[in-house]
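Open the model in your viewer and follow along. The tour makes two stops, each in its own chain.

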Amino acid sequence: MYELACELFPICRSITGAGFRQSLKILDEAMGGGILKIHSIASGSKVFDWEVPAEWEINDAYIITPDGEKICDFKQNNLHVLNYSEGIDDEISLDELQEHLYSIENYPDAIPYVTSYYKRRWGFCIKHEDRVKLKEGKYKVFIDAKHHENGVLNYADLLIPSTQKIKDEILISTYLCHPSMANNELSGPVVAAFLAKWLLELKERKYNYRFIFAPETIGSIVYLNKHLKHLQKHTKAGFALSCIGDDNAYSLIQTPNENTLADKVALHTLKDKNNFKKFSFLDRGGNERQFCSPLVNLPVVCVCRTRFGDYKEYHTSKDDLSFISQTSLQNSFQTLQEIIMNLEVNEIYQITTFCEPNLGKRDLYHTLNQGVTKKPISADFLAFCDGKNDVLDIASKLNIQAYELKDLIEKLKFHRLVKPSEEIHDNPHQ
Amino acid sequence: MYELACELFPICRSITGAGFRQSLKILDEAMGGGILKIHSIASGSKVFDWEVPAEWEINDAYIITPDGEKICDFKQNNLHVLNYSEGIDDEISLDELQEHLYSIENYPDAIPYVTSYYKRRWGFCIKHEDRVKLKEGKYKVFIDAKHHENGVLNYADLLIPSTQKIKDEILISTYLCHPSMANNELSGPVVAAFLAKWLLELKERKYNYRFIFAPETIGSIVYLNKHLKHLQKHTKAGFALSCIGDDNAYSLIQTPNENTLADKVALHTLKDKNNFKKFSFLDRGGNERQFCSPLVNLPVVCVCRTRFGDYKEYHTSKDDLSFISQTSLQNSFQTLQEIIMNLEVNEIYQITTFCEPNLGKRDLYHTLNQGVTKKPISADFLAFCDGKNDVLDIASKLNIQAYELKDLIEKLKFHRLVKPSEEIHDNPHQ
Amino acid sequence: MYELACELFPICRSITGAGFRQSLKILDEAMGGGILKIHSIASGSKVFDWEVPAEWEINDAYIITPDGEKICDFKQNNLHVLNYSEGIDDEISLDELQEHLYSIENYPDAIPYVTSYYKRRWGFCIKHEDRVKLKEGKYKVFIDAKHHENGVLNYADLLIPSTQKIKDEILISTYLCHPSMANNELSGPVVAAFLAKWLLELKERKYNYRFIFAPETIGSIVYLNKHLKHLQKHTKAGFALSCIGDDNAYSLIQTPNENTLADKVALHTLKDKNNFKKFSFLDRGGNERQFCSPLVNLPVVCVCRTRFGDYKEYHTSKDDLSFISQTSLQNSFQTLQEIIMNLEVNEIYQITTFCEPNLGKRDLYHTLNQGVTKKPISADFLAFCDGKNDVLDIASKLNIQAYELKDLIEKLKFHRLVKPSEEIHDNPHQ
């Protein structure tokens with residue numbers, strides 16, 4: 001995963017344009033090639049309250065100082081150009097230039113990441129320590145950029161089908177529109193790509209899995225505009241992945257009502273991770289803002305390590321490849337596997353016997369009773385299989401992860417000691 | 001307000017009689033004159049489980065000691081006579097007198113306030129330090145009081161109409177039957193009178209406001225006997241005001257089920273006030289006892305500073321004009337204004353756009369995204385406008401007072417980004 | 001009660017057989033004779049997922065060591081024989097013997113209680129300190145035991161009728177299948193027998209009381225197999241009594257959903273007992289395992305002092321008559337009386353007056369109001385008689401035991417100030 005992040009890192013992405021398309025292609029190849037469906041929508045299209053912006057083309061950008069030095073060189077670091085900037089080719093005074101410079105006084109050696117998608121501006125981002133050294137004089141400012149009003153916005157998706165005849169879907173969403181930053185947001189796309197690879201190789205999948213790789217905000221709005229009714233009908237749970245490449249504690253941003261299956265399974269899986277932090281929807285930040293908006297109302301939580309904005313390097317050149325690691329990406333990948341395994345094993349079961357079953361005669365329990373012995377987990381599980389609790393509920397009571405019950409549930413199904421909810425009739429006496 | 005309290009203080013009030021009528025007249029004049037509707041009900045009338053008591057007339061009362069000294073002089077302090085006392089004119093021994101004296105051993109320099117409404121007695125209230133000095137001998141006891149069986153009980157109300165066509169009412173209740181005591185209970189009537197004045201001057205009022213000035217217990221029973229069905233149908237929230245002239249922390253006495261709009265708005269408004277105290281209905285004491293009785297079941301909470309009975313001066317001559325202040329009355333007045341403003345702004349809204357609206361294009365948000373910026377409060381508010389949360393719910397999540405959202409809501413309504421509950425249809429897709 | 005325990009202690013009981021029958025007879029005599037109905041079911045009968053085991057006959061058992069010493073003598077302590085053991089008469093080596101010996105390494109001077117009901121084995125239970133002294137050589141092992149396939153399993157019940165025409169039942173269940181151990185489980189049967197005696201002597205009983213004395217697990221399964229529908233229809237609350245003869249704090253094992261009347265009344269009664277411990281259904285152990293199994297779903301909690309398994313002496317010869325006492329049994333008996341009295345007094349009442357009633361005119365309250373006086377409990381009780389709260393709810397609010405309200409409720413009923421739920425009409429105005 002770290003290698004994939006390294007390959008994607010240098011590309012200058014934005015919400016539209018060649019960098020975004022190139023990045024989708026690299027991701028697709030990492031998944032085996034021909035896996036992702038890449039879509040486009042014409043600039044100017046109306047999507048709910050928004051309009052799809054023009055396609056941005058950026059080729060080069062720099063400033064020549066009065067001393068003839070080339071600074072803010074796009075080819076050195078693409079963060080130097082205001083993302084989605086207009087083109088410019090001019091000579092201006094330092095005062096004029098200052099109005100187009102962005103820097104962070106409290107973080108003088110970092111280039112900030114600044115965007116202006118919905119108002120046309122031009123500008124450069126610069127380390128504050130370099131900005132203060134600029135002298136009076138004439139500056140040549142050059143940005144070779146264009147906005148193509150007849151361009152497109154791209155996004156990709158992938159539907160991995162259930163191996164059963166279930167229509168329910170699990171949504172995994174991430175965004176890919178940020179230029180050269182590692183945690184926010186190459187960690188999400190990279191982990192999502194590997195999750196998709198893993199799911200494709202599984203022999204059994206209860207659910208359909210829908211992956212979305214789109215630009216932040218406008219990308220998810222475009223996607224929802226096209227698929228809203230389908231998603232509202234079929235999405236059982238969804239996960240927006242963001243900032244999951246660092247090695248800090250896990251964070252969960254819950255849905256507005258904090259009561260969906262996505263909240264439940266994420267909380268079940270993450271609650272025992274070291275220093276886990278739970279946030280309300282007030283702390284939202286990525287595409288969950290659209291998925292959970294009141295009239296959309298999808299069951300989507302956001303899973304992070306350090307929450308966006310809670311680390312100093314966020315949205316600067318310091319969020320580079322040294323801020324993430326293969327170990328951290330791998331740990332996040334495994335945690336998301338656990339979430340998925342917990343969802344896959346989840347079901348409502350009902351015991352089939354009146355009273356406890358005789359576990360001993362089925363070799364599910366010892367036949368010799370020697371004083372204090374712990375009840376077998378099978379008995380504890382069955383004690384709560386009342387046709388109302390699901391496996392997540394019972395596993396939480398038992399203080400284990402739901403997926404750890406998988407083999408036991410298979411055994412109990414084999415012995416016909418439990419039946420799943422769709423076979424439960426109103427009257428258990430029949 | 002303090003001046004009005006001073007004017008009312010010397011009058012000897014009881015649950016019936018001239019003192020109560022005179023006090024109502026003074027309150028009415030303070031509100032502009034001709035504002036209050038003053039009602040009467042004949043003594044002997046049956047009201048639910050009760051009977052309206054005879055009208056009390058008190059002119060004078062005193063004791064002449066064996067030494068010829070005049071003590072317990074009603075004209076010095078009207079608390080000296082047992083409130084609602086029978087008349088007497090007799091010479092009796094000290095032993096006989098003792099059976100008709102009331103004092104507080106642990107609070108020797110205070111005259112207690114004692115009443116006997118439903119059993120005819122005569123008696124005097126005296127400082128304990130004076131009582132212990134009484135010598136053997138003949139005492140002349142004189143009370144010039146009568147009970148008029150053909151009298152009346154008075155009460156007043158005032159309905160300030162909604163400027164919209166809404167029938168819902170907010171109830172403000174207070175009682176005026178106590179003689180010369182300041183906090184309990186001139187603070188309630190005085191603050192209520194000024195609230196009414198303020199509401200009358202407002203250009204816009206969503207709700208109707210019903211003010212009741214009545215004797216405690218029997219007065220509210222009389223009122224409920226006459227208006228029960230109307231009040232049950234139209235009362236959205238009510239507030240019994242009591243002991244709100246001192247400068248201590250606010251107290252709230254909740255309804256029995258603690259789940260009405262009155263509980264919700266009072267808690268929302270008071271929860272952040274210093275040292276705020278929340279009480280259950282077990283700690284009730286004033287007219288909320290009747291309003292919240294099970295078959296009446298109106299949504300009425302009681303708002304106090306120090307709760308009745310929780311301060312030493314309560315129901316004694318020490319609850320005098322030095323115990324309250326203009327500053328404290330003003331602070332209580334403002335807090336009740338906040339409660340009313342929070343009610344007025346409260347409504348259930350639903351966002352009108354799928355996904356977040358584009359706030360930038362309406363100048364409701366900046367268009368330049370520079371790293372970590374706090375989301376605008378408009379976005380936070382809209383994120384919870386799901387047609388179920390009301391403004392109080394959302395303001396509580398946002399940790400601000402509901403009325404602080406008023407301008408924002410007006411802006412969002414202007415941009416048609418939210419619609420109120422009565423315009424919400426079942427299917428938001430239509 | 002302690003005497004009765006002493007009489008029962010020496011008998012060798014098991015889930016079937018003469019010892020169990022003899023114990024039932026002694027219990028019945030302690031209750032007056034002819035009180036218990038004793039039932040039997042044929043060995044081999046199918047009961048839900050189980051089969052009734054053969055009847056066990058045990059006459060003698062011992063081991064003769066190579067030195068000719070008689071050890072593990074059944075006549076000294078019936079715990080020495082593996083409960084439900086097969087017969088044997090053989091000479092074997094120490095190695096062979098070891099496979100049939102049971103002892104507790106960490107508790108070397110205790111004989112463990114071991115059973116093998118559903119797999120035929122033979123064996124001896126021995127103090128570990130004696131086991132380690134055994135030398136090489138030939139051992140004579142002798143167990144005079146038989147399994148009668150045409151035998152029966154016995155259990156007893158008793159229905160004490162309501163003195164009203166109510167069909168609701170309270171279930172008291174205990175088990176009697178353990179041999180010579182005192183707390184687990186002679187304490188339960190002994191306390192249950194005395195509770196039945198007390199209930200039989202009461203002049204008034206709102207509920208029917210059903211007592212069950214049966215072998216653990218298989219006994220309750222047999223009982224449920226026969227009476228399931230009746231019990232599901234009529235059982236309002238039930239109590240499994242176990243380990244209630246020691247002098248430690250009370251323990252409550254709640255039902256799976258922790259929300260039945262049994263949970264509510266037990267919690268109400270026990271919550272203020274010193275060091276009271278509340279357990280979830282995960283900590284179940286006795287017949288509540290069957291009563292609360294998902295498809296049976298009866299409202300039965302288990303009441304203990306120290307929970308089974310939480311004391312060292314549990315299921316060993318150390319759980320002897322010195323571990324329990326008359327004082328502790330008496331205290332447990334009284335606590336169960338309180339639970340029953342709280343159930344008997346429980347009812348939903350509705351006040352009959354609009355507003356508070358005039359308590360003074362009925363001599364239910366003083367008529368002289370002298371400053372701060374505590375409101376009478378009658379007023380507090382009536383304030384919550386809304387036709388929804390039951391007496392347990394109100395008593396919990398008032399921080400007293402429900403049964404302490406009995407006299408007050410009688411007075412309020414006498415004055416027609418409250419009416420019970422069955423007389424509450426939808427419209428209180430009628």
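Two strands count as paired if DSSP finds at least two bridges between them. Keep in mind that this is a predicted model.

**Stop one: chain C**

Select strand β4 of chain C, residues 55–64. Is this strand enclosed or open? Buried here means under 20% relative accessible area. By that cut-off, 7 of the 10 residues of β4(C) are buried, so the rest of the structure largely encloses the strand.

Zoom in on C:Trp56: opposite stands C:His147 of β10(C).

Next, pick strand β5 of chain C, residues 70–71. Here 2 bridges link β5(C) to β4(C), and the two run antiparallel. Which residue of β5(C) is the bridge partner of C:Ile64? Select C:Lys70 to see the partner. β4(C) and β5(C) make a hairpin, with 5 residues between them. Stop at C:Gly68 in the turn: its phi is positive, about 85 degrees.

**Stop two: chain B**

Move to an open sheet of 3 strands in chain B. Read its order as β20-β18-β21, with antiparallel pairing. The edges are β20 (386–390) and β21 (418–420) of chain B, each pairing on one side only. From one strand to the next, the twist averages 35 degrees.

Select β18 of chain B, residues 348–351. It is joined to β21(B) by 3 bridges. B:Ile351 has B:Val418 of β21(B) as bridge partner.

Finish with helix α11 of chain B, residues 391–398. The helix lies across β18 and β20 of chain B, at about 70 degrees to β20(B).

Terms used
Residues numbered from 1 in each chain as written. Chains lettered and ligands numbered in written order. Predicted model: local features only at pLDDT ≥ 70, side-chain atom pairs only at ≥ 80, totals over all residues. Heavy atoms only, no water. Buried < 20%, exposed > 50% of the residue type's maximum accessible area, 1.4 Å probe, protein only. Helix = DSSP H or I, 4+ residues; strand = E, 2+ residues; numbered from the N terminus. Axes fitted to C-alpha atoms, helices over the stretch in contact; angles between N-to-C directions. Contact = heavy atoms within 4.5 Å.
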